[in-house]
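Trainee: Could you take me slowly through one part of this structure, the place where the two chains meet, and tell me what lies there?

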Amino acid sequence: MTPLSGCLLVASMLFAVGLAGALTRRNAILVLVGIELMLNAANLNFVAFWRYGPHAGPVTGMVFVLFSIGVAAAEAAVGLALILAVYRHTKTTDLRQLIRRRQ
Amino acid sequence: MTGNPSLHLWLIPLLPFLGFLLNGLLGRHLPKALVSTIALLFTAAPLALVAGIALRFSSLTLPYIERTAMPWIITSTATSTFRADFAFLLDPLTLVMLLVVTGVGFLIHIYSVSYMAHEEGYWRYFAYLNLFMFFMLTLVLAENFLLMFVGWEGVGLASYLLIGFYFLRESAASAGIKAFLLNRIGDFGFLLAMFLMIAHFGSLSYNRVFAAIAEHPQMQGGFLTAIALLLLLGATGKSAQIPLYVWLPDAMEGPTPVSALIHAATMVTAGVYMIVRSHTLFDRSPFALGVVAVIGAATALFAATVAMVQTDIKRVLAYSTISQLGYMFLACGAAAYSAAIFHLVTHAFFKGLLFLAAGAVIHSLGGQQDLRAMGGLRKTIPITFWTMSAGVFAIAGLPPFSGFFSKDAILYQTFLSPTAGPILWFVGLVTVLLTAFYMFRLWYLTFFAASRAEGGHEHPHESPWVMLVPLILLGVLSVGGGWIGIPSALGGSGHFAHFLDPVLAAPPSPSYEETRITMDEQGVARAAAASTPQAPARPAGNDNQERLFSVLSVIMALAGWFMADLLYRRKPGMAGQLAQRAGGAYELLVNKYWIDQLYNALIVVPLLFLTRYLLWGAVDSGIINGSGSAAAGTVRGLGALVQRVQSGNIRSYAGWLAIGAAALLLLTYFGFSMHV
C-alpha cells in the first residue's frame, strides 16, 4: 500500500463517519460535528495529494487547506450561533422535534 | 391551329359561382328581392353566353378546347408525366347539355322566386341553387375525367344541401345523408375507374384516353370492361339506377323546384352523360354494354311498377324519373347514344314540367301531397292542368308529344342492338304501358272527379304568373321539343342524331387534338392512321319496321291510358277491389318490394351493429381509449411511487445524494477496472 492510498483510505473512513453522523444524529450540534469531520477528510485529501502528487514543491496544497480550515472555523462559529439561537427559542436542539414543530 | 375566337367558356360555370358567393356570404342581410335578382342574374348570364355560342355554333371549328394558363396537377415519374388541367371542352354533346342545364335551370330559378317566397332561409336556397348550377356546368364542360369528377362531387354536395333544406325535419336531414352516402358508393367506382385509366393511359383527358383506345383497335374487353363497369357503378349512384336508386324517392324531401331541377332534369342525368361521353370505352366492351342495358331495362320496369301504386304525388314522379333514367341507360346499353341524349333532353323538359306542375298543385292545396286527397282540380287551376297534361302526354309517349319520339328511338334501337335485343325491347314496351298507366292515374286522381279532401279544399287557387310562365314555356317544349329528332321513317330528318354525329360516330382524330398537348404527338398521329374502332355491329333497320314499332308503342301507351281511365274515372271503386284481390302483389308494390327494408337489414343494421359493438365498443373505447387510460394509470402509479422520495426532509435528500455518489463511485471504479 502506497502512502497516498493509506492517506486516502483514512480520509474516506473519516468522511464516511462524518456522513453517517450528519445523516443520522438527532442532535444538531453532533450533526455539525459530522459536517466538520467530512470537511477535515477533504482537507486530509488535499494535503495527501499535494504531498504525494507530482508537484510537491510549492505549498499550494498547504495554503488551500489553511484557507479551508479558516473558512470551516467561521462556518462552525456561524453554525453554533444558529443552534444557540434556535435553542434559546425552542429549548431543544433535537432536529426531529424541530422539524415536527415546523409542520 | 383553329380560327376560333375565344369563347370564354370558363365564364359559364364561374358566373353562378359568383352568385353563390354573393348570396351565400351576404344574402342573410339582403332583402329577398335583391337575393332573387342576384340569383336570376347569375343564372341568366350563362344562359345568354350559351345561347350566344349556340347561335354561331355552325361557324366554329369543333371540338373547341379551352385551357387555363395554369396547369392543375402535374406529377412526373422517370417514365411518364401525369397532367390534369382546368380545361373545358365544347362539342355538340356539351352544347346540348349546356342548353338543357342553363335553360331548364333558369326557368326553375324563376319558378322558385315565387314558390319559395314565404320560406325561411330564402337566401340559402338560392345560394345552393347557384352552387348547383356552378358544379353542373363544370361537370358538362370538363375536358377530363378529373374535372368532371369535381363537378360530379359538387352536384352531389348541392343535392345533399338542398334535400336537407328543411333540416329541422328529421326525415329531410336523413334523406340528405342517405343520398350522400349512396352516391359515395358510386363515386368509389368512378374513382377506381379513374385510377385504372391513369394506370393504363397515363391521362384522364378525354381525347387522350379515347385516342389511346382508338390507337389500339385490338384492345377489347379486359381492363376496358373493368373501367366501363366501374364507371357504370358511378353512374348508377348518380342516376339512381338499380342497385343504388333508393336515395331518389327520399330526395323528394327537398323543395319541389329542387326535385324538378336536380332530381329530375339535370343532376340525375349526369350518369347518362358520363356514359355517352365515354362511349368509345363502352363500345369496346360488349359485356359492359349488355350490363348497362340490363340494368337500364330492369330499373325502368321495376320503378314503373312501384310508381303505379304510390300515393304521394312527388313519389310517383320520383319513381317515374328512375324509370325514365332506366330508358336512357337502356339506350346507352344498346349503343344508341344519341337516342339516350335525346330522351335526356325531352325528359328534362317534361319531367321538369311535371315536377313544377306538381309543385303548383301542392302549392294551390296548401301543402297537400297525397293523391287520395286531391281531385277535381281541372276547373279551379286550369293553366296548371293544361300544362301538366302536356307533360303527362309527353311522358306517356303519345304522338306528337316529345316523349314519343325519344322513347320510340330508344325502343327501336334496343330491338336492333346486339347488346340489348328483343327481350329488353319487350321489357321497355311493357314499361311504356305501365308509364302511361301511372301517369294517367296521377292525372285522373289530381284533376278529375270530385275533390276527396276532408271537408273540401280550402279555396284552391291558381299559382301566380311567376310560376305559371315557366310552366307554360316547359309545356311548349314538352310538346314540341321532340320535333328536333323526328326520324326519317316518320317523315322527319333525324336532325338531332346528325347533330351529335361528330361526337358519337367519329373516332378521335388529330383535329380532335386541338391544342397544346405535345407529349405524345406520335401516338395521336398513329391514332389517326388506325382504323375506326368498331362499335358493336348493328343490323340496319328499315323504315316500315320502324313505323310498325312506333304503332306498337302507341298502342301500348293507349292501353295504359285506357286502363287508368277505367280504374280511376269510369269505375272509381274498381281500383280498390283490384288491389284487394291482388293482395300480396299489391302489398309488394306499395312497400316498394321491401328493398329499403332489405338494404336496412342486410347492410345498415349489420354495419351499425359492427360499428357500435366492435368498432366503438371494442376498438375505440376498449383498445384506443383503454391504451390511453392504461398509459395514464402507469404514469400515475409510478408518480405515486416516486412521490415518496420527495419527502421534504433534507436529511433524506442528503442520504440519497450520498447513495448516488457512492453508486457513481462504484460505477467509475468498476468501469475503469473493467477497461484497464
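Mentor: Contact here means heavy atoms within 4.5 Å, and by that rule 9 residues of chain A are in contact with 5 residues of chain B. Please keep in mind that this is a predicted model, in which local features need pLDDT of at least 70 and side-chain atom pairs count only at pLDDT 80 or more, while totals for chains, interfaces and linings use all residues. Residues are numbered from 1 along each chain as its sequence is written, chains are lettered from A in the order in which they are written, and side-chain values use heavy atoms, with hydrogens and water left out.

Between them, chain A and chain B bury about 440 Å², 57% of it on carbon and sulfur atoms; buried area is the accessible area (1.4 Å probe) that two parts lose on being put together, summed over both. On the side of chain A, Leu19(A), Leu23(A) and Ile99(A) lose the most area to chain B, together 68% of what that side buries.

Across this interface the rule finds 0 salt bridges, a salt bridge being a side-chain nitrogen of Lys or Arg within 4 Å of a carboxyl oxygen of Asp or Glu.

As for the elements, where helices are DSSP runs (H or I, at least four residues) numbered from the N terminus, those of chain A that give two or more residues to the side touching chain B are α1 (3–24) and α4 (95–102). The largest share of that side, 4 residues, comes from α1(A).
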